[in-house]
Amino acid sequence: MKNSLVSISDYGKDEILEILDLAAHFEANPNQKVLEGKVIATLFFEPSTRTRLSFETAVNRLGGRVIGFSDAATSSSSKGESLNDTIKIVSNYADVIVMRHYIEGAARYASEITDTPIVNAGDGSNQHPSQTLLDLYSIRKTQGTLENLDLTMVGDLKYGRTVHSLIHAMYHFHPTFHFIAPDELKMPEEYKLFCKEHNIPYTEDAILEGNFSKTDILYMTRVQKERFQDLMEYERVKDVYCLHRDMLEGTKDTMRILHPLPRVNEIDMDVDTSEKAYYFQQAQNGLYVRQAILTKVLGLSI
Amino acid sequence: MEKELKVAALRNGTVIDHIPAGQVFKVVDILHLHHYENQITIGNNLDSKKMGSKGIIKISDRYIDEAEANKIALVAPEAKINIIRNYEVVEKRYVTLPQEIREIVHCPNPKCITNNDPVRTVFHVKKQANGQILLHCHYCEKDLKCENAKIN
């Protein structure tokens, strides 16, 4: 289905900007009856409470109704129903299907077997476009622009899908990247090649310390214990990648810290009270961005 | 003597030449020759001025269309295809990799939907600046180096 949003690469620059403008409109007034009379299905084959609540709040504030399930154990897929059948059945009821699945490519496949628009709310370690769009919205809102920004990405750059999607999305806007990660979790070659092919400058570093004085956006990610084969190595790096308030000295006044959340120990709680900490507002921006996505996939005008 | 003649000359059919040694059986897989009932001659590790060592496949009474030829490009990008009619080469063809490859390549990602549901694989072919050819899974969006592709 043409109107689906499965991957951030489904949207070009103009469509990304259209979503961000729509989201700004909803931030100014989040309660509008845009989805009145519409039924939105939220099919969470894998639990994700924060993403589901964000989508469902978006629907409720726009006057739509929600059907769905929050865990595959409570759906008929636990009886062995195929994804194909579940999607076809729900398509009979809903105007949009928001789905999260642990299988990679599930949302793309769903979008090919139904005319009902599909919104991908995460498919395994593959794509989570509403997260990428809310990151972009947060960046534009705090910096006033998306053009010519300096972004430092920290933590798990190997498996972190949010940073990979952000590279693909930011390429429209002439960014400069700094990748800071332990050797085990370095940015994969294919993304560095992507930067080279598109003349996007980047640097790589293994230590987080006083090297982000020119940074506009400090994008922190979680260093997950289960990614390490050697747990001693994990113990060594986990504190190296912890951001403390004193490390913010000498950074730009306009610099903001983003994090897709949940955070564990990579941002010390003493950072939370800094005006540069933006991760909680970032999560709130997700609501407006999801309102914009639902409006766009339905082709509604506001 | 008679046997040798059978190998050398093909009355009607297709000759696939300049297959890299070691890739011959992948070409057999791609063309589903296991169950083909007419004569097939397969040569491997033959001397070649151009490639050092090469493989060749001759198939009687079967003509390979362009789509099939392009699939061969996956494993044998230098392959040359001769169509034979009445002992004469009536057509020579070089293979070119298509932009999209359906069904024949297996996605190595165990979490990809093509390995979990009855969904046929689709790969988009990308050529990188360093010449590396990558197959990009349409579903899980992971990249696979062309030479590592496993043929279904």
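Chain A is divided into domain 1 (31-127) and domain 2 (130-283), the bounds of such domains being taken from an automatic or database domain assignment. The structure is a predicted model, in which local features need pLDDT of at least 70 and side-chain atom pairs count only at pLDDT 80 or more, while totals for chains, interfaces and linings use all residues. Residues are numbered from 1 along each chain as its sequence is written, and chains are lettered from A and ligands numbered from 1 in the order in which they are written.

The centres of domain 1 and domain 2 of chain A, taken over C-alpha atoms, are separated by 29 Å. Four residues of domain 1 of chain A are in contact with four residues of domain 2 of chain A, where two residues are in contact if their C-beta atoms, placed from the backbone, lie within 7 Å. On the side of domain 1 of chain A that touches domain 2 of chain A there are one nonpolar, three polar and no charged residues; here Ala, Val, Leu, Ile, Met, Phe, Trp, Tyr, Cys and Pro count as nonpolar, Asp, Glu, Lys and Arg as charged, and the others, Gly among them, as polar.

Two helix pairs in chain A share helix α1 (residues 13-28), helices (H or I, at least four residues) and strands (E, at least two) being DSSP runs numbered from the N terminus. Two packed helices are described by the angle between their axes and the distance between the axes. The axes are lines fitted to C-alpha atoms, for helices over the stretch in contact, and the angles run from 0 to 180 degrees between N-to-C directions. The axes of α1(A) and helix α5 (residues 129-143) of chain A come within 10 Å and cross at roughly 70°, and α1(A) and α5(A) are therefore roughly perpendicular to each other; angles under 35 degrees count as roughly parallel, over 145 as roughly antiparallel, 65 to 115 as roughly perpendicular and the rest as oblique. This contact is made by A:I16, A:I19, A:L20 and A:A23 of α1(A) together with A:L133, A:L136, A:Y137 and A:R140 of α5(A), and its residues divide into seven nonpolar, no polar and one charged.

With helix α9 (residues 279-297) of chain A, the axis of α1(A) comes within 8 Å and crosses at roughly 120°, which makes α1(A) oblique to α9(A). Among the residues that make this contact are A:I19, A:L22 and A:F26 of α1(A) and A:V289, A:A292 and A:I293 of α9(A). By class, the residues of the contact of α1(A) with α9(A) are eight nonpolar, two polar and three charged.

Chain B comprises three helices and eleven strands, and its C-alpha atoms fill a box of roughly 55 × 35 × 25 Å, taken along the principal axes. Chain B is divided into domain 1 (2-94) and domain 2 (100-151), whose centres, taken over C-alpha atoms, are separated by 25 Å. Five residues of domain 1 of chain B are in contact with five residues of domain 2 of chain B, and helix α2 (residues 24-30) of chain B gives the most to the domain 1 side, with three residues.

Between the chains, the contact takes 15 residues from chain A and 15 residues from chain B. The elements that give two or more residues to the chain A side are α4 (106-113) and α7 (189-197) of chain A, and this side has five nonpolar, six polar and four charged residues.
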